[in-house]
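Here is a short briefing on a predicted model.

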Amino acid sequence: MLIIPHSSKDEEVLNDMLGDSSCSFRRMRLYDRTIIISDGKMPHEALLHGEVVSGGLHSRKFKNNDSEVTVGDITIGSRNLVIAAGPCAVESKDQVATIAREVKKLGANMIRGGAYKPRTSPYSFQGLGPEGLKYLKSASDETGLPVVSEILDLSDYPNFIHTVDMLQIGSRNSQNFSLLKFVGSQHKPVLLKNGMGNSTSEWLGSAEYVLSGGNQNVVLCYRGIRSFENVTRFTMDSGTIASLKTLTHLPICADPSHPAGKREFVEPLALAAVASGATMLEVEVHSDPDRALSDSEQQITLEQFSALNRNARSLFHLLHNTTPSVF
Ligand code: PEP
Ligand code: MN
């Protein structure tokens, strides 16, 4: 249960009361507000001293205005579309440096790339691990693009601290509650993907784990779900993005690459996501996709990225009635 004390006097009373009672509780600050959290039942009198947050910290009932998340000098959730672009996997220092340079020229705001890859088969390329993170960091130092990269296990975190600006929680780890609690205890921004087999409310429950740990820097990244359809790799439902806008104040990103599965479907899905309310896109781009070591069929070429970037920004600015600042 979550309670926001009515006043600092009420906060003191609640502290004393809850300290004496049998329920375990803690106090935290989020979005400049003090919140008392208990995973047990609160004594009835406690309810007189604060307002119960019924929908959770992610919900519009708790915070109505759109949240923004800052990564380096980039603001996600604002009146500019943020595009993170880069390879599925970091394959070499040169590969990621070249792609970072090119996507920066074409208008990307962040570089993405997996150093730890969650592969279906243990015999597929597993990523370069800590070396891969170093290559991302040097590409970032050269281009000024902040880095987003997936963390698979909390024991790898020391390798991420000084190399990565935003931690990606992948679809397969979207309900890894110990990983979610861990990233919730840190301040680094989190890009939280939906589990391919999870409902929207289960996904918002995952976001709640990160927020309730005290980390308010959460961006939701929709990457589609598993359905019976198999022309595309996953099913990206525009309704999910549109409805998320009503349910949560958190910024919404979309990854059109994994649901597309094929490069020719990536741009249409990206545009549908922008039309539905996404304020960030994460796109897989490779300078030689046919030779990529993972997700070769869905990584778009630099030329395709150039068109996607231009069209997605035009649509965003048309819908949001703003002037494009990056083309
Ligand atoms: C990725 O973005 O590299 C990735 C593995 O995506 P997902 O977790 O959505 O499958
Ligand atoms: Mn991929």
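Gln168 reaches ligand 1 through its side chain: a polar atom there lies 2.9 Å from an oxygen atom of the ligand. Ser171 uses its backbone instead, with an N or O atom 2.8 Å from a ligand oxygen. In Arg172, an N or O atom of the side chain is 2.8 Å from an oxygen atom of ligand 1.

**Around the ligand**
- The protein buries 97% of the 300 Å² that ligand 1 exposes when taken alone.
- Ligand 1 takes up the space of the largest pocket.
- The residues surrounding ligand 1 include Arg112, Lys117, Glu150, Lys193, Arg223, His258 and Glu284.
- Gly170 also belongs to this surrounding group, as do Gln168, Ser171 and Arg172.

**Nonpolar cores**
- The largest nonpolar core has 69 residues.
- Within this core, Ile35, Val103, Leu192 and Leu281 touch the most other members.
- A second core is separate and has 14 residues, among them Ile74, Ala84, Met166 and Val219.

**Contacts of Leu192**
- Beyond its neighbours within four places in sequence, Leu192 is in contact with residues including Ile169, Ser174, Leu180 and Trp203.
- Ser206, Ala207, Val218, Val219, Leu220 and Cys221 are also in contact with Leu192.

How values were computed. Residues numbered from 1 in each chain as written. Chains lettered and ligands numbered in written order. Predicted model: local features only at pLDDT ≥ 70, side-chain atom pairs only at ≥ 80, totals over all residues. Heavy atoms only, no water. Core = buried A, V, L, I, M, F, W, Y, C linked by side-chain atoms within 4.5 Å. Buried < 20%, exposed > 50% of the residue type's maximum accessible area, 1.4 Å probe, protein only. Contact = heavy atoms within 4.5 Å. Near = heavy atom within 4 Å. Polar contact = N/O pair within 3.5 Å; in protein donor to acceptor, adjacent residues only side chain to side chain. Areas by Shrake-Rupley, 256 points an atom, 1.4 Å probe, with all protein chains shown as cover. 1 Å grid on protein atoms, 1.4 Å probe; cavity = no way out; pocket = protein on both sides within 12 Å on 5 of 7 lines; lining within 4 Å. Sits in = over half its atoms within 2 Å of the grid points.
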